Amino acid sequence: QVQLVESGGGLVQAGDSLRLSCIASGRTFNSNTMGWFRQAPGKVREFVAAISWNSDRTDYLDSVKGRFTISRDNAKNTVYLQMYSLKPEDTAVYYCGAAEAFTTPLEPSYWGQGTQVTVSS
C-alpha cells in the first residue's frame with residue numbers, strides 16, 4: 001500500500017509558475033514509477049508527466065513539454081511537478097499516481113487526493 005499526498009496547488013495568473021509536490025508513504029517509494037495526471041471540469045483525467053524510479057526516463061503530455069518538469073527525490077519520498085508559463089487551459093485538479101512499471105499509458109495503482117490548480121487569464 002502506498003499513500004500519496006499532493007500539495008502546492010493554488011490560484012495563479014497566466015504566465016506564472018507553481019511547483020506541486022507529492023509525498024509518498026507506506027510501501028517502498030523508490031521502486032515506483034511516479035506520474036502526474038490532471039482532470040478539468042467536465043473532462044476525463046489525462047496523463048501529464050511520468051518519471052521512472054531512478055529518474056533516467058521521463059515522459060510528458062505534448063501540450064506541457066517545455067513548460068513542465070517532473071522530478072523526484074527518493075531520499076524524501078517526494079515527486080515534484082514544476083510548472084512554468086501556466087495557461088488557463090492548465091486549470092484542473094492535479095493528481096499524483098504511483099505505478100508498478102513505466103508503461104504507456106501509465107497505469108497507477110495508487111492515487112493521491114488531488115490538488116487544485118486554477119490559472120486566471
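**Surface and charges**

I began with the accessible surface of the chain, which comes to about 6100 Å², with 49% of that area belonging to carbon and sulfur atoms; the areas come from the Shrake-Rupley method with a 1.4 Å probe, and for residues only the protein chains shown count as cover. I noted that this is a predicted model, in which local features need pLDDT of at least 70 and side-chain atom pairs count only at pLDDT 80 or more, while totals for chains, interfaces and linings use all residues. Residues are numbered from 1 along each chain as its sequence is written, and side-chain values use heavy atoms, with hydrogens and water left out.

I then looked up the charges, and found that the mean positions of the 11 positive and 11 negative charges are 1 Å apart. Lys and Arg count as positive and Asp and Glu as negative, with His and the chain ends not counted, and each charge is placed at NZ of Lys, CZ of Arg, CG of Asp or CD of Glu.

**Overall form**

I compared the radius of gyration, 13 Å for the chain, with the value near 14 Å that a compact globule of 121 residues would have, and the two agree; the radius is taken over C-alpha atoms, and the globule rule is 2.2 Å times the number of residues to the power 0.38. Along its principal axes the C-alpha trace spans about 40 × 25 × 25 Å.

I found that 44% of the 121 residues are buried, where buried means under 20% relative accessible area, exposed over 50%, and partly exposed in between, for a 1.4 Å probe and protein chains only. Of the contacts (heavy atoms within 4.5 Å) with a separation of 6 or more, 55% are between residues 24 or more positions apart.

**Strands and pairing**

I listed the elements and found eleven strands and zero helices; both are DSSP runs numbered from the N terminus, helices being H or I of at least four residues and strands E of at least two.

I followed β3 (residues 18-26), which pairs with β1 (residues 2-7) in the antiparallel sense over six bridges, two strands being paired if DSSP finds at least two bridges between them. Within this pairing, Gln3 has Ser25 of β3 as its bridge partner. Strand β3 is also joined by six bridges to β8 (residues 78-83), again in an antiparallel run, and there Ile23 stands opposite Thr78.

**Thr58**

I looked up Thr58, which has its place in strand β6 (residues 58-60) and is partly exposed, with a relative accessible area of 37%. Leaving aside neighbours within four places in sequence, Thr58 is in contact with Ala50, Ile51, Ile70 and Phe102. I also noted that the C-alpha atoms of Thr58 and Gly35, 23 residues apart along the chain, are separated by 9.4 Å.

**Backbone points in the loops**

I kept in mind that most residues other than glycine have a negative phi, and most peptide bonds are trans. Ser55, in the loop between β5 (46-51) and β6, has a positive phi near 65 degrees and is partly exposed at 36% relative accessible area. Asn77, in the loop between β7 (68-73) and β8, has a positive phi near 50 degrees and is partly exposed at 26%. My last entry is the peptide bond from Thr104 to Pro105, which is cis with omega near 5 degrees; Pro105 lies in the loop between β9 (92-99) and β10 (110-111).
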